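Subject: Structure handover and findings

Hello,

Here is the structure I said I would pass on. The notes on what turned up in it follow below.

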Amino acid sequence: MAKVFTLAEVAEHNTAKDCWLVIDGKVYDVTKFLEDHPGGDEVLLSATGKDATDDFEDVGHSSSARDQMDELYVGNIDISTIPSKSKYTPPKQPHYNQDKTSEFVIKLLQFLVPLFILGVAVGIRFYTKSSA
């Protein structure tokens, strides 16, 4: 019968001299594998103290790497001690106010329409004065 560990017990093993990981509900002592890990020991050390299943699966390990895990197996994790994953919620942002866009257009038109009328008036004055 495999020993069952809590996440707190596994999290205590978080150094280069004593490193345990939780992957797929199982606990692995990867201490002797740190130097041989192709991604470096920092990758394994950063995955301690949590459920490292997603980290492990995201990399896409080979079948031989998965076979090596059998040698490192020390027990199972009590899944009730693993905190549930919280769903990502984006930070609150102010609602985009479309009315501000119309205010900008109105202010722009308040500037451009009189300018256009002035230009037409000057053009008419210039045209009528030169033809007379």
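Helices (at least four residues) and strands (at least two) are DSSP runs, numbered from the N terminus. With those labels, Lys85 belongs to the loop between E5 and helix H5, which covers 98-131. Please keep in mind that this is a predicted model. Lys85 counts as exposed because its relative accessibility is 62%, and the cut-off for exposed is over 50%.

Nonpolar cores

The largest nonpolar core consists of 12 residues: Cys19, Leu21, Ile23, Tyr28, Val30, Leu34, Leu44, Ala47, Ala52, Phe56, Met69 and Leu72. Strand E3 (18-23) and helix H4 (63-72) are the elements that contribute two or more residues to this core. The top contributor is E3, with three residues. Leu44 is a member of this core. Apart from neighbours within four places in sequence, Leu44 is in contact with Cys19, Leu21, Val30, Phe33, Leu34 and His37. There is also a second, separate core of eight residues, with Val10, Trp20, Ile77 and Ile82 among them. As general background, nonpolar side chains in soluble globular proteins tend to be buried together.

Aromatic pairs

How many aromatic pairs does the structure hold? There are two. One is formed by Phe5 and Trp20, which are edge-to-face, at 5.0 Å centre to centre and with 75° between the planes. This pair joins distant parts of the chain, since Phe5 is in strand E1 (residues 4-5) and Trp20 is in strand E3, 15 residues apart. Phe5 counts as buried at 8% relative accessibility, and Trp20 counts as buried at 11%.

The other pair is Tyr28 with Tyr73: the ring centres are 6.1 Å apart and the planes are at 65°, so the pair is edge-to-face. Here too distant parts of the chain are linked, with Tyr28 in strand E4 (residues 26-29) and Tyr73 in strand E5 (residues 73-77), 45 residues apart.

Largest pocket

The largest pocket has a volume of about 390 Å³. It is lined by 21 residues, and those closest to its centre are Phe33, His37, Leu44, Phe56 and His61. At least two lining residues come from each of E3, helix H2 (41-46), helix H3 (53-59) and H4. H4 supplies the most, with four residues.

His37 sits in the loop between E4 and H2. His37 is buried, because its relative accessible area is 14% and the limit for buried is under 20%. Leaving out neighbours within four places in sequence, the contacts of His37 are Val43, Leu44 and His61.

Other residues to look at

Which residues does Leu7 touch, leaving aside its neighbours within four places in sequence? Leu7 is in contact with Val22, Gly49, Lys50, Ile77, Thr81, Ile82 and Pro83. Leu7 is in helix H1 (residues 7-11) and is buried, with a relative accessible area of 11%. Leu7 and Asp78 are 71 residues apart in sequence, yet their C-alpha atoms are 7.2 Å apart in space. Two of the contacts of Leu7, Ile77 and Ile82, are also in the second core.

Asp24 is not a glycine but has a positive phi of about 55°. Asp24 is in the loop between E3 and E4 and is partly exposed, with a relative accessible area of 49%.

Regards

Key: Residues are numbered from 1 along each chain as its sequence is written. This is a predicted model: local features need pLDDT of at least 70, side-chain atom pairs count only at pLDDT 80 or more; totals for chains, interfaces and linings use all residues. Side-chain values use heavy atoms; hydrogens and water are left out. A nonpolar core is a set of buried Ala, Val, Leu, Ile, Met, Phe, Trp, Tyr and Cys residues joined through side-chain atoms within 4.5 Å. Buried means under 20% relative accessible area, exposed over 50%, partly exposed in between (1.4 Å probe, protein chains only). Contact means heavy atoms within 4.5 Å. Rings of Phe, Tyr and Trp (its six-membered ring) pair if their centres lie within 6.5 Å; planes under 30 degrees apart count as stacked, over 60 as edge-to-face and the rest as tilted. On a 1 Å grid over the protein atoms alone, a cavity is a set of points where a 1.4 Å probe fits but cannot get out, and a pocket is an open set with protein on both sides within 12 Å along at least five of seven lines; lining residues have an atom within 4 Å of a point. Grid points are joined across faces, edges and corners, and a volume is the space filled by probe spheres set on the points.
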